[in-house]
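User: I am learning how to read a protein structure. Please take me through some features, with the general idea and then the case at hand.

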Amino acid sequence: MQSEDRVIHFGVELIHKPIKHKKEALQKLYFELSQIRNAGYDSTDFTRMAQPRFYSKQGKRSQSVALFLPDRVLMIEEWADIPMSAFLERVEAMAAKLLEFEEFDSFLAHTATIRSTFALTHFEDARVFLLEEVCQQANRIGPHFQRPIAVGGLRFTLPETDEYPGNIQVNIESFRQSRSEVYVEVKGIFAQKKVTRTELDVVLDHVRGVRSFITERVFPYLDQYDLPAGDEE
């Protein structure tokens, strides 16, 4: 398996006490972010004040979105074309300004989600790799479902431990848009401790931790199965 994956999505939720976002405060926030490197957005949408948003679009698919919900702010880089370091600068700037402008002084919880794809070396079809090689389900699915399989894979939920913070959800699937790639989504949910303005590094470290889980845990797990025919142990 190719060790260099292709990151296609960054996401962070900053969860706070329920409030009603004010347009004037969001306009000020938008301006302040525009003055900070890697933090600004190109446009705003206040047509639905229950879900106002900032956004930028790049090319045909890439977009950056900050969606403001009553109890959280969702920050997304979809089909990301920026490095994680730039995304973390945006998250840090947004979090700090929110605690300055809005009616709360801490985040009650936060989540971090990263999606990426790995190219297979010895298999042409990720469905065959995951279902038949990893899960050993050859000739055991079709006779019962009696339909072609568009996407198949595995899902894990890993609870928080004393050594590892956060609940981790892992989704590993065949990638619908590329036959020979494996799609990986890892989401960390961190709700044990409030985060104040002086503790924003905790959020950034948890995003890095989710990224490391993909490269240091998921990759070697999958790589042990991506072997030439006849080399299986």
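Analyst: Start with Asn139, which counts as exposed at 74% relative accessibility. Exposed means over 50% relative accessible area, buried means under 20%, and partly exposed lies in between (1.4 Å probe, protein chains only). This is a predicted model, in which local features need pLDDT of at least 70 and side-chain atom pairs count only at pLDDT 80 or more, while totals for chains, interfaces and linings use all residues. Residues are numbered from 1 along each chain as its sequence is written, and side-chain values use heavy atoms, with hydrogens and water left out.

User: Where is Asn139 placed?

Analyst: Helices (H or I, at least four residues) and strands (E, at least two) are DSSP runs, numbered from the N terminus. Asn139 sits in the loop between helix 3 (126-134) and helix 4 (142-145). Its phi is near 65°, a positive value in a residue other than glycine.

User: Which value does phi take at Trp79, and is Trp79 buried or exposed?

Analyst: Trp79 is not a glycine either, and its phi is positive, about 50°. Trp79 belongs to the loop between strand 5 (72-78) and helix 2. Trp79 counts as buried because its relative accessibility is 18%.

User: How do I read a polar contact, and which side chain does Ser178 meet?

Analyst: A polar contact is a pair of N or O atoms within 3.5 Å; within protein, one must be able to donate a hydrogen and the other to accept it, and residues adjacent in sequence count only if both atoms are side-chain atoms. Here the side chain of Ser178 pairs with that of Glu181 at 2.8 Å. Ser178 is in the loop between strand 8 (167-174) and strand 9 (181-190), and is buried, at 17% relative accessible area.

User: What does Phe190 touch?

Analyst: Contact means heavy atoms within 4.5 Å. Phe190 lies in strand 9 and is buried, at 6% relative accessibility. Beyond neighbours within four places in sequence, its contacts include Ala109, His206 and Pro165. Pro165 is 25 residues away along the chain, yet the two C-alpha atoms are 7.2 Å apart.

User: Which residues of the largest nonpolar core touch the most other members?

Analyst: A nonpolar core is a set of buried Ala, Val, Leu, Ile, Met, Phe, Trp, Tyr and Cys residues joined through side-chain atoms within 4.5 Å. The largest one has 57 residues, and Phe54, Met94 and Val182 touch the most other members. Helix 2 (residues 84-101) gives the most to this core, ten residues. Setting aside neighbours within four places in sequence, Met94 is in contact with residues including Leu29, Phe54 and Met75.
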